[in-house]
Amino acid sequence: MKRILVTGGAGFIGANFVRHMIMHSDVEITVLDKMTYAANRASLSGLDEQRVKLVIGNICDGAVVNELVPQHDAVVHFAAETHNDNSLHDPRSFVTTNILGTVELLEAVRRHGVRLHHISTDEVYGDLEFDDPQRFTELTAYNPSSPYSATKASSDMLVRAWIRSFGVVATLSNCSNNYGPYQHVEKFIPRQITNILDGQRPKLYGNGRNVRDWIHVSDHSSAVQRILESGEFGRTYLIGADGEQDNLSVLRLILELMGKDERFLDWVPDRQGHDRRYAIDATPLRHELSWEPRYTDLRLGLEQTIDWYRKNRDWWQPSKSDTEKRYSYQASQAAKVAI
Ligand code: NAD
Ligand code: TDX
């Protein structure tokens with residue numbers, strides 16, 4: 001595999017994946033990205049321009065997609081609207097990009113006979129009870145809760161339908177919550193770190209007991225590389241690193257690492273339909289593809305992530321105030337509905 005088309009490669013996980021592949025393989029990469037509010041050109045800065053090219057375009061645009069797809073040996077599809085809170089206020093953009101955009105790519109890989117790897121989330125399985133001994137596996141029934149996760153579930157189903165009906169050569173992966181450098185400041189961990197760096201108090205939804213299964217973004221990248229190189233066509237692989245933590249514990253760790261009192265936080269109203277707990281069983285990926293996560297120490301991973309946001313204010317500062325304004329607006333809209 002020499003040439004890879006990476007959709008959404010100027011976003012958080014896509015950009016980390018591009019950096020990972022440039023360092024750990026000899027591929028050439030074209031990034032296709034619409035450059036929404038979630039993208040940042042600087043996330044790709046410093047990379048060899050002979051090996052990484054950025055095309056600004058929409059995955060819903062059949063002409064662009066059909067021009068680019070046949071020039072590549074594989075497509076890795078990260079592009080999506082990804083923030084649950086936004087999906088509660090503007091679901092239509094999620095339907096358009098996550099569902100119709102995926103259809104456009106599926107039609108193109110089908111027409112041109114190009115291999116696809118589809119990136120998805122553990123949220124398609126819904127949530128688990130706090131005391132449920134089971135974790136999500138490839139056999140868990142889909143039960144998405146939010147408009148975001150419903151659109152990701154739809155996109156997964158479409159990929160499976162194109163595999164079955166048209167023989168498209170594709171793999172899928174569903175990963176748990178990522179953290180690390182280049183993550184947009186709307187997401188939980190970078191929002192809290194950058195609030196503290198700005199002298200603002202972190203914001204915790206509900207009672208802080210919701211559990212997420214954290215994985216460092218570098219481990220997500222290495223897993224996708226392994227699936228691209230050795231995955232069985234037609235298969236879905238779950239990616240996770242046994243990183244379950246409740247939100248309050250993660251926030252307390254961030255506060256401690258940043259030298260703040262553990263009470264330096266605001267308890268804010270809960271997210272509508274807030275999923276309680278996610279947990280991934282990644283045994284097939286570990287056993288069949290011999291993948292192992294490397295960043296399993298959350299304390300160390302958070303220390304490095306905090307350090308990255310401290311040193312890269314230029315990267316995140318321009319989007320911080322718009323993000324917090326959006327949160328205030330969404331809170332005021334939710335309050336109106338509640339009245
Ligand atoms: P992100 O929001 O940081 O980046 C998404 C990227 O997609 C942005 O660069 C954006 O400009 C681009 N994009 C959006 N709409 C587009 C369109 N119509 N055409 C072309 N480009 C478009 O997202 P992320 O956190 O990096 O997530 C990437 C993928 O990984 C998504 O598919 C997401 O569902 C999945 N995922 C994310 C997580 C997580 O914890 N963040 C976990 C599991 C799976
Ligand atoms: O300010 C906050 N306070 C808070 O308590 C924010 C932004 C979040 N939270 C909570 C909500 C969640 O329980 O933190 C947890 C993580 O929230 P997000 O970062 O918004 O992630 P989540 O909703 O779990 O979804 C993420 O993981 C799966 C990604 O955004 C998705 O794209 C991915 O599919």
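How do the residues of the shell around ligand 1 divide into nonpolar, polar and charged? In this predicted model, the shell consists of 13 nonpolar, 12 polar and 3 charged residues, where Ala, Val, Leu, Ile, Met, Phe, Trp, Tyr, Cys and Pro count as nonpolar, Asp, Glu, Lys and Arg as charged, and the others, Gly among them, as polar. Residues are numbered from 1 along each chain as its sequence is written, and chains are lettered from A and ligands numbered from 1 in the order in which they are written. Local features need pLDDT of at least 70 and side-chain atom pairs count only at pLDDT 80 or more, while totals for chains, interfaces and linings use all residues; side-chain values use heavy atoms, with hydrogens and water left out.

Ligand 1 is surrounded by 28 residues, the closest being I13, D33, T82, Y148 and K152; a residue is counted if one of its heavy atoms lies within 4 Å of the molecule. At least two residues of this shell come from each of α1, β5 (115-121) and α5 (147-166), and β5 gives the most, with 3 residues. Helices (H or I, at least four residues) and strands (E, at least two) are DSSP runs, numbered from the N terminus. Polar contacts are pairs of N or O atoms within 3.5 Å; within protein, one must be able to donate a hydrogen and the other to accept it, and residues adjacent in sequence count only if both atoms are side-chain atoms. A polar backbone atom of F12 is 3.0 Å from an oxygen atom of ligand 1, and a backbone N or O atom of N178 lies 2.9 Å from an oxygen atom of this ligand. A nitrogen atom of ligand 1 is 3.1 Å from an N or O atom in the side chain of T97. Of the 840 Å² of accessible area that ligand 1 has on its own, the protein covers 97%. Accessible areas come from the Shrake-Rupley method with a 1.4 Å probe; for residues, only the protein chains shown count as cover.

Ligand 2 has 22 residues around it, of which E123, Y148, R212, R271 and H274 are the closest. The shell around ligand 2 has 6 nonpolar, 9 polar and 7 charged residues, and α6 (188-197) and β8 each supply at least two of its residues. Oxygen atoms of ligand 2 are found 2.7 Å from an N or O atom in the side chain of E123 and 2.9 Å from an N or O atom in the side chain of N177. A backbone N or O atom of F188 lies 2.9 Å from an oxygen atom of ligand 2. The protein covers 94% of the 650 Å² of accessible area that ligand 2 has on its own.

The largest pocket has a volume of about 550 Å³, the volume being the space filled by probe spheres set on the points, which are joined across faces, edges and corners. Its lining comprises 24 residues, with H20, H24, H216, S218 and Y295 nearest the centre. Two or more lining residues come from each of α1 (12-24), α7 (217-230) and α10 (298-311). By class, this lining has 8 nonpolar, 11 polar and 5 charged residues.

The second largest pocket has a volume of about 470 Å³. Its lining has 18 residues, and Y205, P269, Y327, Q330 and A331 are the closest to its centre. α11 contributes the largest share of this lining, 7 residues. The classes of the lining are 8 nonpolar, 4 polar and 6 charged residues.

Conventions
On a 1 Å grid over the protein atoms alone, a cavity is a set of points where a 1.4 Å probe fits but cannot get out, and a pocket is an open set with protein on both sides within 12 Å along at least five of seven lines; lining residues have an atom within 4 Å of a point.
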